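Hi,

Here is the structure I promised to pass on. Have a look at it first, and then read my notes below.

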Amino acid sequence: MKITESSTLYMNLCRSSLAKCFSLWNKSKRLKAAEMITNITSTNLKTPHSTRLNSTFYTFVRMISVKHDMDKLCNDFRLPVFTKNEIEFLIEYVSALKPIAVALDILQGEKEKTKPDYKPGRTFMGTFAPSILSMHETLKELNPVIVKPLVDSLIQSLESRFDCIVDMDLSNQHFYQVLHKFYSVLVAVKVISVSHQVFCLWFYIKHLPSLL
């Protein structure tokens with residue numbers, strides 16, 4: 001990534017904000033401190049777990065939910081107080097990571113937990129491409145100020161790693177003919193998942209009219 005004024009601001013706020021977050025998380029691991037946090041915020045602070053991909057994201061979500069109590073928390077624990085820019089950074093940071101977190105939850109099968117036959121990590125064939133497309137489009141719709149270097153980097157990584165999905169040639173009529181035939185065969189032999197059917201339907205509705 002090219003070093004610019006915006007990326008320098010991002011890096012500085014990232015380091016200072018995360019350092020203060022980790023200080024609070026470390027405090028929250030102690031029983032007495034945890035009770036103080038609950039009394040002040042009416043909730044607890046989640047701490048990151050290395051075994052769960054989205055653990056850190058959800059700890060930031062919880063941190064943002066108690067942003068109005070952060071000054072009191074930091075003062076009571078004698079920790080550096082979050083600045084206004086650092087709070088804004090955390091809010092934008094969560095917004096930037098949310099599309100990734102949502103996609104990971106879907107691809108890990110987290111949304112299937114309520115079903116009786118739930119199996120961890122189960123992902124259907126038709127889930128992957130829609131998740132990547134949705135993630136890519138959501139990131140491109142964001143208009144961040146502080147975390148723009150992060151969002152740009154995420155978009156660039158998606159376009160580089162999954163170019164076959166995000167860079168489909170929608171101007172090629174032959175592409176739709178092949179896709180339609182492939183889809184028809186899968187439906188005929190009943191090996192296509194419901195989620196894949198939904199994706200194909202969405203794909204046709206969104207893109208095909210512009211080519212007719």
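This is a predicted model: local features need pLDDT of at least 70, side-chain atom pairs count only at pLDDT 80 or more; totals for chains, interfaces and linings use all residues.

Residues are numbered from 1 along each chain as its sequence is written, and side-chain values use heavy atoms, with hydrogens and water left out.

Back to F89. Its relative accessibility is 0%, so F89 counts as buried (buried is under 20% relative accessible area, exposed is over 50%, and partly exposed is in between, with a 1.4 Å probe and protein chains only). Setting aside neighbours within four places in sequence, F89 is in contact with Y10, L13, C14, S17, I146 and V147, contact being heavy atoms within 4.5 Å. From F89 to I146 there are 57 residues in sequence, yet the C-alpha to C-alpha distance is 6.2 Å.

Now the overall picture. The protein chain has ten helices and zero strands. Of its 212 residues, 37% count as buried. If you take contacts between residues at least 6 apart in sequence, 64% of them join residues at least 24 apart. The accessible surface comes to about 13300 Å², and carbon and sulfur atoms account for 58% of that; such areas come from the Shrake-Rupley method with a 1.4 Å probe, and for residues only the protein chains shown count as cover.

Helix α5 (residues 84-107) has two partners I'd point you to. With helix α3 (residues 55-65), the axes come within 9 Å and cross at roughly 140°. Axes here are lines fitted to C-alpha atoms, for helices over the stretch in contact, with angles from 0 to 180 degrees between N-to-C directions. The two helices are therefore oblique to each other: under 35 degrees counts as roughly parallel, over 145 as roughly antiparallel, 65 to 115 as roughly perpendicular, and the rest as oblique. On the α3 side, the residues that meet α5 include F57, Y58 and F60, and on the α5 side they include I87, K98 and D105. By class, the residues of this contact are twelve nonpolar, no polar and two charged (Ala, Val, Leu, Ile, Met, Phe, Trp, Tyr, Cys and Pro are nonpolar, Asp, Glu, Lys and Arg charged, and the others, Gly among them, polar).

The other partner is helix α7 (residues 148-161), whose axis comes within 9 Å of that of α5 and crosses it at roughly 15°. That is why α5 and α7 count as roughly parallel. Y93, A96, L97 and I100 of α5 meet L150, V151 and L154 of α7. This contact has seven nonpolar residues, with no polar and no charged ones.

Finally, two spots in the loops. Most residues other than glycine have a negative phi. S42, in the loop between α2 and α3, has a positive phi near 65°, and with a relative accessible area of 65% S42 is exposed. R78, in the loop between α4 (70-76) and α5, also has a positive phi, near 55°. At 79% relative accessibility, R78 counts as exposed.

Cheers

Conventions
Helices (H or I, at least four residues) and strands (E, at least two) are DSSP runs, numbered from the N terminus.
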